Amino acid sequence: MQNKFYLLAGNAYQKNAISFLRQSKEIGLELDGIILLSNVDSKRSFSKRLITKMKSMFQKLVDKVFFKAYLDFKNIEASWNLANANSWNLLNPHGNIHTNKGDIPVISLKEWSANAILKILPQGVNHYVAIYGGGIFSKEFVNIPHVHFMNAHMGKMPKYRGMNVLEWAILNDDEPYVSVMELNNAIDGGPVYFETRIDVSSSKDIFQLRKAGYEQCFRAMVDCFMLIKNQDVSGKEQDKGATYYYSMHPKIRHALINKLFSS
Amino acid sequence: MLNALRRVKYYRLYKKANFKLYVLDRAKKVGPIVDTDHALQNIFQWIEASFRATNDGGSSAYYTVGRGWKSSYPETTGYLIPTLYDYADYSQNSKWSDLANSAGSWLLSIQFENGAWQGGQVDSDIGERVFNSAMILDGIIECYERENDPKYLDSALKGLKWLVSCIGDDGVLSQHNISAGGSFDLLSLACMARAWQYLEGSEREDTLSEIRRSVSAHLELQNANGWWKRSNFDYSYPNTSLLHHLSYTLDGVLILSEILEDKSLEEVVLKSARKMLSMFEVNRKLPAFINEDWTPYFDLGDKQYSQCLTGYAQTSIVFIKLARLKSDKRFLNAAYKMIDILSSIGNRSFGQGGLDYGLAGSYPIFGNYQPFQIVNWAAKYHAESMLLLLNNSRSKKRAK
């Protein structure tokens, strides 16, 4: 069966999507289309957005007047996720999807559903979709047999599922890897098509480390697509014995920084 | 509506400090995150207030919102003692070791002739209780190790003898016990093992044999999925585990593993701890009451559940120990997060001694474990978790 290759881009992940586009051009991977979710993301009506905005402003006012000296639980959780939140700012590609797409056709989805996907990605072809957006993919998406949603994950499978796995691997004295997997019903549990070591040797701080990780993830996705295109490889089921990791607390991250970067 | 009004009246929620606490918990507002040193100062400020509130040398069981301090609680005073001594070491301030020694003397003065201690608070008429006596044993042995005063060892060995006599033919500690005993008695057995280390001769062997027999019987309470039967009060929600009792169980098994030098017991704990780790990290909280299949019991209704703050502190202790034993920093990672949560909740003052910097039974305060009570056992375990992180918590294994 013929293979076709796509990029799926949501609003919040534009930088990732553009970085992937750049890498694909450098390597000479020709994409068959870019699926944009920007229309879907801003689908909520003006009135709903206005109500949400007003609720948020009211909450901020109440917090400022009555709870100035206090935090929300979300603030505490945010302090655990600081590095993740800042991660998106590490990538700074120029332009947007449209200025970077070249001749690649763009399909703007009006609705985010399996039916919408089936309309643009018909049967008879194996469609491989690099995902940078779309949230958590439900069963209706991952169970479409001829559409393969692909994710590049900064961890060797099955030992490094979850979050901040680049940092966890280094802390555990394991080699950091990127694995390109097809999405299935398990989190980070899908068949692995491609994996490669991440080279972080030139990183001078934690942010350069993460940036290096991201860039090699985009490259791995491109390399994976090239491998499928040229050698028609398929995914290998993961071994048993999965380990899950979670967002790294600042104190653990600090220990990692000391380990890596103190002279 | 009527219940709500009764609650306002009973807990005096119309008073400023009480109202403020209630509103903050309703709005899920907590204090700023503080460093460990500051958090320790906060919690020991409350602990000190709990001792000052009584006249006898013991620590008050809890401060009830709008009602004041309860009388001294022998059980929790007993297990506060090691934490007081550890904090004296950390802070280089002997007032805390003096407090511990004074608490120890008080406990000696209320020990029964047969070696047991009572259940409940000191002014209750609850008779001898196994779990309570075992917790006190931990404190008395600590006093002996710190003060080197033989009166403490005599008291502890007398207590141990009584406790061993309570082990039933089936190995379970169902006589004279809270809820006819439960998995939490693995901590009772750990405290007994701590005292056993000071026995000699044939009594030492016989006692060890009884303790091991009882440990085996209690380990049967763990299900294949790591959940524990009989890890809640018998009057509580049926077929649920209370996080506080679950954590007693796991900590007890870890202490037993260390004292009895049995590494297989670590795997028993890991079976449960892995489930708790993923529950906590995925949901960013743990429920106070846990169903057999590790799902939360929604005690607040409407798919909402309260959290047990003591349980958090105890779970963080178990996690820190596991991180060190198994070189698995994911447990340490989660422990740091739990300690952040507790330190922030505990970093609130209300201009009211019993409320300032204390930790309640439940979060929010109107949850279903010790509602509207700022409990001394949450303070103890929160302090212990931070001291353990700082490597300032002594092992229960007798130094050679």
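Q: How many positive and negative side chains does chain A have, and how far apart do the centres of the two sets lie?

A: Chain A has 32 positive and 24 negative side chains, with 9 Å between the centres of the two sets. Lys and Arg count as positive and Asp and Glu as negative, while His and the chain ends are not counted. Each charge is placed at NZ of Lys, CZ of Arg, CG of Asp or CD of Glu.

Q: Thanks. What sort of model is this, and how is it numbered and lettered?

A: It's a predicted model, where local features need pLDDT of at least 70 and side-chain atom pairs count only at pLDDT 80 or more, though totals for chains, interfaces and linings use all residues. Residues are numbered from 1 along each chain as its sequence is written, chains are lettered from A and ligands numbered from 1 in the order in which they are written, and side-chain values use heavy atoms, with hydrogens and water left out.

Q: What makes chain A as compact as a globular protein of its length?

A: First, its make-up: chain A has eleven helices and ten strands (DSSP runs, H or I of at least four residues for helices and E of at least two for strands, numbered from the N terminus). Its radius of gyration is 20 Å, close to the 18 Å from the globule rule for 263 residues, so chain A counts as that compact. The radius is taken over C-alpha atoms, and the rule is 2.2 Å times the number of residues to the power 0.38.

Q: Why is Asp89(B) called partly exposed?

A: Buried means under 20% relative accessible area, exposed over 50%, and partly exposed in between (1.4 Å probe, protein chains only). Asp89(B) has 35%, so the label is partly exposed. This residue is found in helix α4 (residues 74–91) of chain B.

Q: And what makes Lys151(B) buried, exposed or partly exposed?

A: Its relative accessible area is 38%, so Lys151(B) is partly exposed. Its place is in helix α7 (residues 150–165) of chain B.

Q: How do you know which residues Lys151(B) touches?

A: Contact means heavy atoms within 4.5 Å. Not counting residues up to four places away in sequence, Lys151(B) touches Ser105(B) and Leu108(B). With neighbours within four places likewise left aside, Asp89(B) is in contact with Arg146(B) and Asn392(B).
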